[in-house]
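Biologist: I would like to learn how to read pockets and aromatic rings in a model. Could you take me through them slowly?

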Amino acid sequence: MPVVAGRVVLGIESSCDETGAGIVSEGRLLAHAVASSMDEHARFGGVVPEIAARAHLHSFAPVVREALGQAGLRLSDIDAVAVTTGPGLSGALQVGLAGAKTLAYSLGVPLYGVHHLAGHVAADTLEHGPLPDPCMVLIVSGGHTSLLLVRDLARDRIVHLGDTIDDAAGECFDKVARVFGLPYPGGPAVDRAAREGDPRAVAFPRPLTGPRDSRYDFSFSGLKTSAARWAEQHRLRGEELPLADGAASLQEAVADVLTRKAVAACREYEVGTLVVVGGVAANSRVRALAEERCRAAGIELRVPPLSLCTDNGAMIAAVGDLLVRAGARPAPLDVSIDPSAPLEYAALHPVARTPARAA
């Protein structure tokens with residue numbers, strides 16, 4: 001059996017359509033296993049909560065065994081368990097929490113509830129080491145787009161400079177992809193279609209970038225509508241949709257808004273490092289434009305590898321590892337889930353409240 005110096009943390013992720021288990025010790029990734037139910041949802045054009053919950057039930061034990069096998073460890077080697085307690089799909093979160101509680105309590109080790117988005121932030125530490133204090137973090141995923149000022153992830157409150165006020169970037173990709181006739185998930189499909197297109201072919205709007213707009217908030221609903229109407233006009237005229245140009249122009253608009261605001265925030269707050277995380281961080285144009293603009297501004301850019309951009313258990317284990325090393329208090333025995341939890345701290349230990357009985 002391998003000798004691991006330091007405490008070993010098992011992380012469980014089940015907030016949406018991926019069941020993930022990861023193992024981290026002292027900032028080092030030991031194992032990382034994911035089972036996705038994406039193919040089951042693709043025929044419906046989006047995630048079906050009941051299907052996702054059932055898939056987590058089937059996949060929980062196999063992914064934990066796979067992670068342990070990769071690391072060459074036994075369950076008895078685990079010193080702490082971390083699990084996503086929100087935000088996410090209620091049924092999916094419940095499955096992950098129930099499994100994590102079972103493991104933690106049977107092993108007699110502490111359990112830590114983790115905010116899903118903090119997991120995305122921590123994922124970068126597994127590739128590039130500790131986060132600079134402070135750093136700017138741009139989270140871009142299917143349901144979230146946020147610009148954050150992060151100091152000590154395990155101890156300090158996370159400062160929101162801006163958030164999406166309607167559709168997130170990934171949600172925009174998914175919805176427009178459906179209108180364009182592309183498969184689910186939309187982000188990778190748009191990225192593939194854009195490879196042969198001209199990003200300047202269609203003048204799609206850049207939402208919330210005017211002088212009177214909210215400086216660091218995001219809005220992609222109008223962009224989604226503009227792209228849908230562009231496609232509709234071509235079809236009404238009986239013209240073939242110039243798909244590659246539309247995809248490239250849409251992708252350019254999203255990447256332009258995201259990176260423009262993120263670099264501007266780094267300059268205003270005099271932060272020298274930008275960390276881009278979340279599923280949309282895997283988008284080729286977002287990564288390329290972020291690199292180009294950060295280089296021009298003298299800002300260090302950190303982006304996790306593609307395998308750690310989408311939902312996974314390693315990122316939850318990374319947060320758990322930080323919490324353990326920071327001496328954070330474990331979750332209470334009655335820790336519950338919060339499907340719509342705001343991101344304030346990396347640890348998330350909600351407790352279900354029993355409704356007061358009527359007099």
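**Pockets and rings**

Modeller: The second largest pocket has a volume of about 340 Å³, where a volume is the space filled by probe spheres set on grid points that are joined across faces, edges and corners. A pocket is an open set of points, on a 1 Å grid over the protein atoms alone, where a 1.4 Å probe fits, with protein on both sides within 12 Å along at least five of seven lines, and lining residues have an atom within 4 Å of a point. This is a predicted model, in which local features need pLDDT of at least 70 and side-chain atom pairs count only at pLDDT 80 or more, while totals for chains, interfaces and linings use all residues. Residues are numbered from 1 along each chain as its sequence is written, and side-chain values use heavy atoms, with hydrogens and water left out.

Biologist: How much space lies in the largest pocket, and which helix gives the most to its lining?

Modeller: The largest pocket holds about 1,300 Å³ of space, and its lining has 45 residues, with Ser141, Gly142, Asp174, Tyr184 and Pro185 nearest the centre. Helix 6 gives the most to that lining, with seven residues.

Biologist: How is a pair of aromatic rings described?

Modeller: It is described by the distance of the centres and the angle of the planes. Rings of Phe, Tyr and Trp (its six-membered ring) pair if their centres lie within 6.5 Å, and planes under 30 degrees apart count as stacked, over 60 as edge-to-face and the rest as tilted. A search of the whole structure finds three aromatic pairs. One of them joins Phe218 and Phe220, which are stacked at 6.4 Å centre to centre with 15° between the planes. Ring pairs also link Phe180, Phe204 and Trp230 into a cluster.

Biologist: Is Phe218 buried or exposed, and which charged end sits over its ring?

Modeller: Phe218 counts as buried because its relative accessibility is 0%, where buried means under 20% relative accessible area, exposed over 50% and partly exposed in between (1.4 Å probe, protein chains only). The charged end of Lys261 sits over the ring of Phe218, 5.7 Å from its centre; the rule asks for NZ of Lys or CZ of Arg within 6 Å of the ring centre and within 35 degrees of the ring normal.

Terms used: Helix = DSSP H or I, 4+ residues; strand = E, 2+ residues; numbered from the N terminus.
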